[in-house]
Amino acid sequence: MTVSNGIVDSANFIFCLELLAWVGNVELNESLRDAFEGGLHDSDWESDRRYELPLGGLEVSIAKDDAGYISIQVKSAQAEIQAVELALYVAAGYRVVPQ
């Protein structure tokens, strides 16, 4: 397994999870979304208290900070690393505007 890291604005968190779910070949349904959002509340970036949950073929670990950013670590197979890193790059680099 290879580890990829990204930092996303909290406004892009669900968008990032949707991209990672696509890479992990799983649907990001309401229960998965709720599990990640619930786990995020108990996480803390500075103390390295992370919430971990599988997302299809990926292992996703998250932690939030007080400034509104979320650290995301993804463990994936070598064959998926480029797609994972692209998903993290897109979610970190663009501001998602709800329609």
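**Exercise 1. Which residue in strand 4 is the bridge partner of S61?**

This is a predicted model, with local features taken at pLDDT of at least 70, side-chain atom pairs at pLDDT 80 or more, and totals for chains, interfaces and linings over all residues. Residues count from 1 along each chain as its sequence is written, and side-chain values use heavy atoms, without hydrogens or water.

*Solution.* 
- Start with the elements: helices (H or I, at least four residues) and strands (E, at least two) are DSSP runs, numbered from the N terminus.
- Strand 3 covers residues 58–64 and strand 4 covers residues 69–76.
- The two pair in the antiparallel sense over six bridges; pairing requires at least two DSSP bridges between the strands.
- The partner of S61 is Q73.

**Exercise 2. What is the strand order of the open sheet?**

*Solution.* 
- The order of the four strands is 1-4-3-2, with antiparallel pairing.
- Strand 1 (2–9) and strand 2 are the edge strands, each pairing on one side only.
- From one strand to the next, the twist averages 25°.
- Helix 2 packs on the sheet and touches strand 2, strand 3 and strand 4. The direction of helix 2 makes about 165° with that of strand 2.
- Helix 3 (residues 81–93) also packs on the sheet, touching strand 1, strand 3 and strand 4. Its direction makes about 15° with that of strand 1.
- Contact here means heavy atoms within 4.5 Å. Axes are lines fitted to C-alpha atoms, for helices over the stretch in contact; angles run from 0 to 180 degrees between N-to-C directions.

**Exercise 3. How are the rings of F36 and Y51 arranged: stacked, tilted or edge-to-face?**

*Solution.* 
- Rings of Phe, Tyr and Trp (its six-membered ring) pair with centres within 6.5 Å; planes under 30 degrees apart are stacked, over 60 edge-to-face, the rest tilted.
- The whole structure holds one aromatic pair.
- The centres of F36 and Y51 are 6.3 Å apart and the planes stand at 80°, so the pair is edge-to-face.
- F36 belongs to helix 2 and Y51 to strand 2, 15 residues apart.
- F36 is buried at 0% relative accessibility, whereas Y51 is partly exposed at 24%.

Key: Buried < 20%, exposed > 50% of the residue type's maximum accessible area, 1.4 Å probe, protein only.
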